[in-house]
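Please look through the model shown below before reading on.

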Amino acid sequence: RNGEIMRVIDHAALEGDQRFRSLRTWLLNGLFVALAEVLEEAPRRGPAPLDAVAGAGLLVSMLSHVAAHRAGLVESGIEDEVLRANLRRVLLWAAGVAPRA
């Protein structure tokens, strides 16, 4: 829904404009905090469980990147619902929840 404005913000932030970097951080912070809280409570698996803050940062980056390139992914033949289903599966995996088949 806000892809055009996020592309402008992302581009300006990548070019080094601190104002846009701060704006991007502010815009994505709520999602980051929510994911970090979920990951902090996630069941621990394996010998080295995910760090909640690092995991939240990775997930926000992944979601932001996929959102920015969604049109191209769909254009290349990936159905929107398949893309969403795969994103859900990754998020559920990270949260330690078994995805539905």
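Aspartate 10 touches Arg24 and Ser64, where residues up to four places away in sequence are not counted and contact means heavy atoms within 4.5 Å. This is a predicted model, in which local features need pLDDT of at least 70, side-chain atom pairs count only at pLDDT 80 or more, and totals for chains, interfaces and linings use all residues. Residues are numbered from 1 along each chain as its sequence is written, and side-chain values use heavy atoms, with hydrogens and water left out.

Aspartate 10 belongs to helix α1, residues 3-14; helices here are DSSP runs (H or I, at least four residues), numbered from the N terminus. With a relative accessible area of 15%, aspartate 10 is buried, a term that means under 20% relative accessible area (1.4 Å probe, protein chains only).

Next comes helix α2. This helix covers residues 18-41, has 24 residues and reaches 33 Å from its first C-alpha to its last, close to the 34 Å expected at 1.5 Å a residue; the expected span is 1.5 Å times one less than the number of residues. α2 bends by about 45° at leucine 28, the bend being the angle between axes fitted to the seven residues ending there and the seven starting there. Leu28, Leu35, Ala36 and Leu39 are the buried residues of α2. Their cover includes α3 (52-75) and α4 (80-94).

How do the axes of α2 and α3 cross? They come within 8 Å and cross at roughly 130°, where axes are lines fitted to C-alpha atoms over the stretch in contact and angles run from 0 to 180 degrees between N-to-C directions. The two helices are therefore oblique to each other, since angles under 35 degrees count as roughly parallel, over 145 as roughly antiparallel, 65 to 115 as roughly perpendicular and the rest as oblique. Residues making the contact include Arg24, Leu28 and Leu35 of α2 and Ala56, Leu59 and Ser64 of α3.

α3 has 24 residues and reaches 34 Å between its first and last C-alpha, close to the expected 34 Å. A bend of about 60° falls at histidine 69. Buried residues of α3 include Gly55, Val60 and Ser64, and what covers the buried residues of this helix includes α1, α2 and α4.

Terms used: Buried < 20%, exposed > 50% of the residue type's maximum accessible area, 1.4 Å probe, protein only.
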